[in-house]
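Please keep the sequence and the three-dimensional view at hand while reading.

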Amino acid sequence: MMLAVMLAALMSSLTSIFNSSSTIFSIDIWTRIHKKASDVELLIVGRGFVLIMVVISVLWIPVIQSSASGQLFVYIQSITSYLSPPICAIYLLAIFWPRTTEPVRAIFFKHF
């Protein structure tokens, strides 16, 4: 029973990641390459991108197993430790330095 719950949670996480990456690629990147892409073309490109992501994910498994003694949680935490400080710095710049964001921020803070 517990294995089924863990597999369901894993499947849910993976589908949301693949769906988000497919949408980001097809809408934000592919429409810049092909300006007049139809909905069917975007659907096919999105599905192809998910297929490429699945292949990359499967090929990445040996890298995860060789690093951090094969523990996925330790690997994820080590990658997060590299990514979190720059993201935090960007958020802090956006909050405290007015030239970082668009003028909408200045309009927002005039009311408060």
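In this predicted model, the rule for ring pairing gives a count of two aromatic pairs. One of them joins Phe25 and Trp30 in a tilted arrangement, with 6.4 Å from centre to centre and 40 degrees between the planes. The points below begin with these rings and then turn to the helices, the chain as a whole and the database annotations.

**Aromatic rings**

- Phe25 and Trp30 are both buried.
- The other ring partner to consider is Phe49: its ring centre lies 4.3 Å from that of Phe25 and the planes stand at 0 degrees, so this pair is stacked, the cut-off for stacking being under 30 degrees.
- Phe49 has a relative accessible area of 18%, and it counts as buried because the limit is under 20%.
- Taken together, Phe25, Trp30 and Phe49 make up one aromatic cluster.

**Residues around the cluster**

- Which residues does Val45 touch, leaving aside its neighbours within four places in sequence? Val45 is in contact with Phe25 and Trp30.
- Val45 is part of helix α2, and its relative accessibility of 14% makes it buried.
- Val45 is 18 residues from Ile27 in sequence, while the C-alpha atoms of the two are 9.9 Å apart in space.
- Ser21 sits in helix α1, which covers residues 2-33.
- Is Ser21 buried or exposed? Ser21 is buried, because its relative accessible area of 15% falls under the 20% limit.
- When neighbours within four places in sequence are left aside, Ser21 is in contact with Phe49 and Met53.

**Helix α2**

- Helix α2 spans residues 39-66, a run of 28 residues.
- At 1.5 Å a residue this helix should span 40 Å, and the 41 Å between its end C-alpha atoms agrees with that expectation.
- Where does α2 bend? A kink of about 30 degrees lies at Trp60, shortly before the proline Pro62.
- The residues Leu42, Val45, Gly46, Phe49 and Ile64 of α2 are buried.
- The buried residues of α2 pack against α1 and α3.
- In an α-helix there are 3.6 residues a turn, so residues three or four places apart point the same way.

**Helix α3**

- Helix α3 consists of 25 residues, and the distance from its first C-alpha to its last is 36 Å, close to the 36 Å expected at 1.5 Å a residue.
- A kink of about 30 degrees is found at Leu83 in α3, shortly before the proline Pro85.
- Leu72 lies in helix α3 and, at 47% relative accessibility, is partly exposed.
- Leu72 and Ile61 are eleven residues apart along the chain, and 9.7 Å separates their C-alpha atoms.

**The chain as a whole**

- How many helices and strands does the protein chain have? It has four helices and zero strands, and the order of elements from the N terminus is α-α-α-α.
- Of the 112 residues in the protein chain, 12% count as buried.
- The protein chain exposes about 9,500 Å², of which carbon and sulfur atoms supply 75%.
- Among contacts in the protein chain with a separation of 6 or more, 31% are between residues 24 or more positions apart.

**Annotations from UniProt**

- The unreviewed UniProt entry lists residues 42-61 and 73-97 under "transmembrane region".
- In the model, residues 42-61 are 100% helix and 0% strand, with end C-alpha atoms 29 Å apart.
- Residues 73-97 are 96% helix and 0% strand, and their end C-alpha atoms lie 35 Å apart.
- The unreviewed UniProt entry also gives the annotation "signal peptide" for residues 1-16.
- In the model, residues 1-16 are 94% helix and 0% strand, with 23 Å between the end C-alpha atoms.

Definitions and conventions:
Residues are numbered from 1 along each chain as its sequence is written. This is a predicted model: local features need pLDDT of at least 70, side-chain atom pairs count only at pLDDT 80 or more; totals for chains, interfaces and linings use all residues. Side-chain values use heavy atoms; hydrogens and water are left out. Helices (H or I, at least four residues) and strands (E, at least two) are DSSP runs, numbered from the N terminus. Buried means under 20% relative accessible area, exposed over 50%, partly exposed in between (1.4 Å probe, protein chains only). Contact means heavy atoms within 4.5 Å. The expected span of a helix is 1.5 Å times one less than its number of residues. The bend at a residue is the angle between axes fitted to the seven residues ending there and the seven starting there. UniProt positions are given in the numbering used here, feature names are shortened, and annotations may be inferred rather than shown by experiment. Accessible areas come from the Shrake-Rupley method with a 1.4 Å probe; for residues, only the protein chains shown count as cover. Rings of Phe, Tyr and Trp (its six-membered ring) pair if their centres lie within 6.5 Å; planes under 30 degrees apart count as stacked, over 60 as edge-to-face and the rest as tilted.
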